[in-house]
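Please keep the sequence and the structure in view while reading.

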Amino acid sequence: MNHFKFLVLIINGVLYAQSVTERIEYVFPEETPVIQCVNWRVASGDSIRWRLPDYNDAHWRLHPGFGLWVNEGVKGRDVRWYRKTIFFPEPLDSLATLALYQIATVSASEIYWDGILIARSGIVGKSREEEHTGASGQIFPVPKNLATPGKHVIALRVSNFHSFSGVIEAPLQLGYFSAIHENLFRVMALSLFLAGVFFLTALFHFAILLGHGNKWPYALFSSFCLACAVHIFIRGLLRYFQINLIHYYSLAAVNDIPWFLMLVLLPIFFLFEFNSPYKKRLTVTILVVGLAVVLFSRLATFGIVPVSWLNTLDSANRLNVYFTIAVSIAVALWALFQRMRGSLSALIGLFIFLIGVYFSNRANVENGWAIGFAVMNMFLTVSLSRQMAFQNRLHHEADLRSARLELELLKKHIQPHFLLNSLNSIIAWLEEEPPVAAQLVNALADELRMLLSFSGEKLISLTDEIKLCKAHLNVMSLRQDKKFTMTVTGVTGTEKLPPLVIHTLIENGLTHGYKEKNSGMFRLSCVHGKKKIQLNLFNDSADGQSIEGIHDGTGYRYVKTRLEEAFPSSWSMTSNPVDGGWEVRIEYEGAMK
Amino acid sequence: MNILVVEDERVAARRLERLIREILGDRLDTIHCTETLRNSEVFLKKHSIDVLFLDLNLNGQDGFDLLTSAVSESFQTIVVSANTDRAIEAYEYGVLDFVPKPFDKSRLIKAFERLERVDAHLDYTAKMLVVRNQSRLRIVPVEQINYLQGAGDYAEIHMHDGTKLLHNKSLEALLKILPNTFIRIHKSYITDLNFIVNLRIYGGGKYECELKDGTVLPVSRTRYKKLVNLLEPK
C-alpha cells in the first residue's frame with residue numbers, strides 16, 4: 001500500500017506515536033478479536049541474544065512498528081530487531097489457532113516467539129546477496145504450546161537490501177486465525193465490489209460516449225471511474241495475495257498512475273462538464289501540481305529526490321487531495337449559481353465523498369474514502385443521466401420542430417387552397433385565352449418544383465430564394481391578371497438564408513397590399529456589413545394600410561421560427577410603413593456556412 | 001335577379017360573371033363584382049340583391065366575418081371557395097350552397113336550381129340563424145326556434161323561451177336553408193315537424209296544430225294532408 005498517500009496511515013501514525021510511551025504491554029484478547037501490534041522497541045544491528053524473552057531492551061528506541069525507514073532519518077538498507085511484550089491473562093481458546101499477520105515487511109523477516117523462531121518470510125541477510133525477499137500478505141500460526149497464559153515476547157528480525165526505502169506497510173496483527181482471515185476477506189470483498197462498481201460505471205459512461213460522440217467530457221469521467229477501479233483492485237490484490245515483496249513494491253509504485261489519474265481527472269471533468277471559466281489554466285495547474293506531488297513522492301522513496309523532502313511531500317500529498325476536491329466543489333458551486341443542470345447532485349456527491357475521506361481518516365474506516373467515491377460516483381451518474389435525458393428531449397423537440405416546420409411549409413404553399421385556386425384560374429384562362437392558361441401551368445410547375453426541392457433544407461442560397469419569389473410573382477400575376485415584378489440589388493450569390501423567408505414576406509405583401517391595384521413592385525436590396533447581412537424588402541403597396549395583426553400571423557411566425565432556428569439569437573426583423581409603401585428589414589449574422 | 005360577386009382574384013371573378021350571365025340569360029337583371037370586403041359592404045348599403053357569390057378566402061381575413069354578416073341579410077349567400085375544409089361550417093351558418101373551386105358550369109347550374117326550387121333539399125343545413133338586431137349580429141341556434149311567422153318580406157322567429165326576433169330573410173328563403181324537419185304548415189308559418197303534438201279539424205276548412213308548448217298555429221288546407229302523411233308513421 002502506498003503508505004504516504006493514504007491519509008489513514010499518516011494519521012494513524014501520529015495517533016500511535018502519541019500513545020507509545022503510555023503502554024508497552026499488550027493484553028490479548030482485548031475488545032477487538034485482532035489487535036494491531038504497535039509500540040515496539042527497536043535496535044539496528046544483529047545479535048542472536050535479542051530474540052530471547054529475558055533480554056533487557058529498555059534502552060532501545062521506541063517505534064510504532066511500521067512506516068518508512070528512510071523517513072526516520074536512518075538508512076533504508078539495514079538489519080533491525082523489533083521487540084514487544086504481550087500478556088495473556090487467561091488461557092486461550094483451545095480450539096482456535098492464534099496467528100500473526102503481516103502485510104509487507106521490508107524485504108525479509110523472521111518472527112521469534114519467546115525466543116523460538118515461529119515464522120519466516122524470505123531469508124534475512126546482511127547484504128543483498130545473503131538476503132532473499134519474502135512475500136506479502138502472510139498469515140503465520142503461533143504453535144499452540146507457545147500460546148500459554150502469561151507474558152510473551154515477540155521479536156522481529158528484519159533486513160532490507162532489496163528495496164530502497166525500507167517500508168513496513170502496517171503493524172503486525174495478532175489474533176485468532178479465523179478473525180484475521182475474516183478481516184482480510186472483508187477488505188478484499190469490499191475492494192472487489194468497489195472496483196466492480198467503478199468498472200461498470202466506467203463502461204456505462206464509455207457506452208454513452210460512443211452513443212453521443214460529441215460529449216467528450218464523458219471520456220474524462222469514464223477514465224476517472226476506470227482509474228478508481230484499477231487503483232482499488234490493485235490495493236485489494238496487495239492486501240490479500242502473497243506477492244514477492246520485490247513485485248509488491250513495484251506494483252505499489254505502478255498504482256501511483258491510477259491514483260494520479262483519479263486526482264486530476266475528477267476536477268478536470270467538472271471544469272469541462274460545467275464549462276467553467278479559466279478551465280484551461282486550471283486544468284494545466286491541476287495536472288502540473290498532481291504530477292509533481294505524486295512523482296516526487298515516489299521518487300523520494302527511491303532516493304532519487306532527497307529523502308529529507310518526504311515529510312514535506314506527505315503534507316503536499318494530503319493538501320493535493322483537498323485541493324482537487326476544493327476545485328471540484330468550487331466548480332460545482334459555480335455551476336449551481338449558474339443554475340446548471342446536474343450541479344446540485346454533483347455537489348451533494350462531492351460532499352459525501354468529503355465525508356468519506358473524513359471518516360476514513362478519523363474513524364479509521366478501511367476504504368471509507370472509496371465508499372465516498374462510489375456514492376459520489378452514483379450521484380454523478382444520476383446527474384449525467386438526467387442531463388442526457390434532458391438533452392435527448394431537446395434534440396427530440398428540435399427534430400419535431402424541424403419536421404413540423406417542413407410540414408407547415410409544404411402545407412402552406414402546396415396546400416389545396418393554393419393549388420385549387422390556381423387550377424380555377426387555369427380553367428378561366430383556358431376558356432378565355434388558352435395560351436395564357438399554358439403560361440400559368442408552366443409558372444405553377446416552376447414554383448412547385450422549387451418548393452418541393454427547398455422545403456427540406458435548413459438554408460438555401462438567396463439566389464435560389466429569389467428565383468422562387470419570381471416564380472411565385474409570375475403565378476400570382478397570371479392568376480390575378482395583374483403585373484407583379486421584383487428587382488434585386490446587392491446580391492453577391494454567397495448569401496444563405498432559410499427557405500421561403502422572402503417568399504413568405506412577398507406573399508404577405510401581396511395579400512395585404514394590392515387589393516385595388518393593377519400592378520405591384522417588390523425591391524430586394526442586400527447590404528453586406530462586417531459580420532452581418534441586411535436584407536431590405538420594399539413593396540409599393542397601396543396605402544401603407546393598416547396591417548395590424550399580420551406581425552403575429554402564420555407567415556411572420558414562420559419567418560421568425562426559421563430565422564431563430566438558423567441563426568439562434570443573432571437576427572432581427574422589423575416591418576414598417578415607408579414612403580410609398582412598406583418595408584421589411586431582416587438582419588442576421590451571415591458568416592454561417 | 002340581382003347578383004353580387006365578391007372575389008379577390010380578377011380572373012376568377014371574370015369567369016364567374018361570364019358563367020352566371022350564360023346560365024341566367026334574361027333572368028339576370030344586374031351583376032356586380034367587387035374585389036374587397038370593404039367595397040362589397042359599400043355596395044350592399046346602396047343596392048339590394050338576391051344572391052351573393054362569396055369567395056371565402058377573402059384577402060386572408062377570415063371570410064367568416066363577412067359570411068356571418070351576409071347570412072343575416074335578406075339575400076341568399078352562395079360560397080365559392082377552394083377552402084373545402086370549411087364547407088360544412090359555412091352550411092351551418094346558413095349559406096344556401098358551397099361551390100368548391102375549381103368548378104364547372106354544371107355545378108353552378110345546380111346552385112341556381114337550389115336557389116329557385118322550393119323543395120330542394122340540401123345535404124347540409126343551417127345549425128344557426130344569424131339575426132341582425134340593429135347593428136349587432138345575434139346567432140340563434142336552430143334548436144331554440146319554436147316556429148317562424150312570415151311578416152311581409154321578413155320572418156319573425158319565435159323562440160322556445162318566448163322571445164321574438166326579426167330576420168331579414170323571407171320565410172321562403174329561410175325554409176331553403178333550415179333543416180328538413182322544418183316544414184311550411186301555412187302561408188305564414190313554419191315549424192319543426194317534431195314539435196307538433198296535435199292536429200285539429202274544425203268545420204269550414206279550418207285546421208290547426210298544437211305544438212309541444214301549447215301554442216296553436218293555423219294549418220292551411222292544402223298543407224294539412226301533407227302534414228297528416230308526414231306525421232302518420234309516428
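## Model and confidence

This is a predicted model, in which local features need pLDDT of at least 70, side-chain atom pairs count only at pLDDT 80 or more, and totals for chains, interfaces and linings use all residues. Residues are numbered from 1 along each chain as its sequence is written, while chains are lettered from A and ligands numbered from 1 in the order in which they are written.

The pLDDT is the predictor's confidence in each residue, on a scale from 0 to 100. Chain A has a mean pLDDT of 82, with 87% of its residues at 70 or more. Over residues 1–24 of chain A the pLDDT stays under 50, and the model has 40 contacts beyond four places in sequence for this stretch. Where pLDDT is low, the predicted coordinates should not be read in detail. Chain B averages 85, and 93% of the residues score at least 70. Within chain B, α1(B) has the highest confidence, at 93, and α3(B) the lowest, at a mean of 79. For the complex, the predictor gives an ipTM of 0.83 and a pTM of 0.53.

## The sheet of chain B

Helices (H or I, at least four residues) and strands (E, at least two) are DSSP runs, numbered from the N terminus. Two strands pair if DSSP finds at least two bridges between them. In chain B, five strands form an open sheet with parallel pairing, in the order β2-β1-β3-β4-β5. β2 (30–34) and β5 (97–100) of chain B each have a single partner strand and stand at the edges, so one side of each is left without a neighbour in the sheet. On average, neighbouring strands of this sheet are turned by 15 degrees against each other, direction ignored.

Four bridges join β3(B) to strand β4 (residues 76–81) of chain B in the parallel sense. B:Val51 stands opposite B:Gln76 in β4(B).

Two helices lie across strands of chain B. Helix α1 (residues 10–24) lies across β1 (2–6), β2, β3 and β4, running at about 170 degrees to β2(B). Helix α5 (residues 105–116) lies across β3, β4 and β5, running at about 175 degrees to β5(B). Axes are lines fitted to C-alpha atoms, for helices over the stretch in contact, and angles run from 0 to 180 degrees between N-to-C directions.

## A helix pair in chain A

The axes of helix α10 (residues 416–432) and helix α11 (residues 434–454) of chain A come within 7 Å and cross at roughly 155 degrees. That makes α10(A) roughly antiparallel to α11(A); angles under 35 degrees count as roughly parallel, over 145 as roughly antiparallel, 65 to 115 as roughly perpendicular and the rest as oblique.

## Two buried residues

A residue is buried if 20 or more other C-beta atoms lie within 10 Å of its own, exposed if 12 or fewer, and partly exposed in between, with C-beta atoms placed from the backbone. A:Ala332, in helix α7 (residues 310–337) of chain A, is buried, with 26 other C-beta atoms within 10 Å. A:Ala332 and A:Leu347 are 15 residues apart in sequence and 5.6 Å apart in space, C-alpha to C-alpha.

B:Leu56 lies in the loop between β3 (51–54) and α3 (63–71) of chain B. B:Leu56 is also buried, with 24 other C-beta atoms within 10 Å.

## Between the chains

Two residues are in contact if their C-beta atoms, placed from the backbone, lie within 7 Å. In chain B, 15 residues are in contact with 18 residues of chain A.
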